[in-house]
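I wanted to look up a strand pairing first, then the ligand site, then the overall fold.

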Amino acid sequence: MGDDPASRVYVNNKKKACEELGIYSEEYALAADTSEDELLELIDKLNGKKEISGILVQLPLPQHISEQNVINAINPKKDVDAFHPVNVGKIMTGNFDFVPCTPAGVMAPITQSRPAPRGKDCVVVGRSNIVGKPQAMLLLHQNGTVTICHSRTKDLAEKTKKADILVAAVGIPNFITGDMIKEGAVVIDVGINRLADKKLVGDVDFESAQTVAGAITPVPGGVGPMTIAMLMKNTIKAAEINR
Ligand code: NDP
């Protein structure tokens, strides 16, 4: 909804990924002043539409719309973002159909190219419902020892410096610097921040961090494309579930 430039880029990238994989997609670009009732009616229609296996509402929504009402309206079996309370609850128990896309995109490089989080000290900076909290749960399910940090955390650097696996999901450009990182740590940068000069940077100061980290993901690249790959994976799973 509306004309948020970042949302436009994200939606275009998701549509492109669908095209590349041969997944049929429909886009509904609604005006910023569309009412909540109209949006809920559209979701209801798509919930019942056979050709559609997955529904994604690009956030953020305009202020007059309740994001929670909208998320609650999506059929949990078509909720490929895994934001519906039913899917959030399933993530807590570890018995889930859909993994939230960004945290899943973070786990892929950790588990595929490095020793598993089992027994490792994992620190997640950020506790949002869409990234930080589910991220912590996924690391916990893989037997990591997890610390969640946020804006009220005292002595943040003391915590981040203990991390074997450090995930930054803060939304502040270059926030985590090399002196906050343990030698050899795996550093995953979720942040996507656009500076005044239009340059995209993460939440980790790549220059200083790369001299200390054992492995680090770049921005752009890194978690962004992995998030879209995980969305496609969830969509295929949704097609199988709904068949
Ligand atoms: P939110 O703004 O919802 O959450 C930010 C979190 O960071 C909050 O929990 C906040 O704490 C914490 N925080 C803020 N300031 C500090 C501080 N000084 N010290 C410690 N913690 C702090 O952001 P999101 O989780 O939605 O996104 C985080 C970043 O990830 C953004 O850059 C976003 O663009 C990016 N993103 C990237 C995606 C991708 O596909 N790669 C997908 C989604 C997001 P508190 O709760 O106390 O306020």
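I started in the sheet, where V167 sits across from I188 of strand β4. For my own record, strands here are DSSP runs of E with at least two residues, helices are runs of H or I with at least four, and both are numbered from the N terminus. Two strands pair if DSSP finds at least two bridges between them.

Before going on, I noted the ground rules: this is a predicted model, where local features need pLDDT of at least 70 and side-chain atom pairs count only at pLDDT 80 or more, while totals for chains, interfaces and linings use all residues. Residues are numbered from 1 along each chain as its sequence is written, and side-chain values use heavy atoms, with hydrogens and water left out.

Next I checked the other partner of β4. Strand β7 (residues 215-216) pairs with β4 in the parallel sense over two bridges, and I found I216 of β7 as the bridge partner of V187.

Which way do the side chains of β4 (residues 186-189) point? V186 and I188 go one way, V187 and D189 the other, and all are buried. Buried means under 20% relative accessible area, exposed over 50%, and partly exposed in between, using a 1.4 Å probe and protein chains only. In a regular strand the side chains alternate between the two faces of the sheet.

Then the ligand. I counted 22 residues around the ligand, with R127, S128, H150, S151 and T227 coming nearest; near means a heavy atom within 4 Å. The shell splits into ten nonpolar, ten polar and two charged residues. Helix α9 (residues 223-242) gives the most to this shell, with three residues.

I listed some polar contacts, that is, pairs of N or O atoms within 3.5 Å:
- A side-chain N or O atom of S128 is 2.5 Å from a ligand oxygen.
- A polar backbone atom of I192 is 3.1 Å from an oxygen of the ligand.
- A backbone N or O atom of H150 is 3.4 Å from a ligand nitrogen.

The protein covers 70% of the 930 Å² of accessible area that the ligand has on its own (Shrake-Rupley method, 1.4 Å probe).

Last, the whole chain. I see nine helices and seven strands. The radius of gyration, taken over C-alpha atoms, is 18 Å, close to the 18 Å that the globule rule gives for 243 residues, so the chain is as compact as a globular protein of that length. That rule is 2.2 Å times the number of residues to the power 0.38. The C-alpha trace spans about 50 × 40 × 35 Å along its principal axes.

Terms used
A polar contact is a pair of N or O atoms within 3.5 Å; within protein, one must be able to donate a hydrogen and the other to accept it, and residues adjacent in sequence count only if both atoms are side-chain atoms. Ala, Val, Leu, Ile, Met, Phe, Trp, Tyr, Cys and Pro count as nonpolar, Asp, Glu, Lys and Arg as charged, and the others, Gly among them, as polar.
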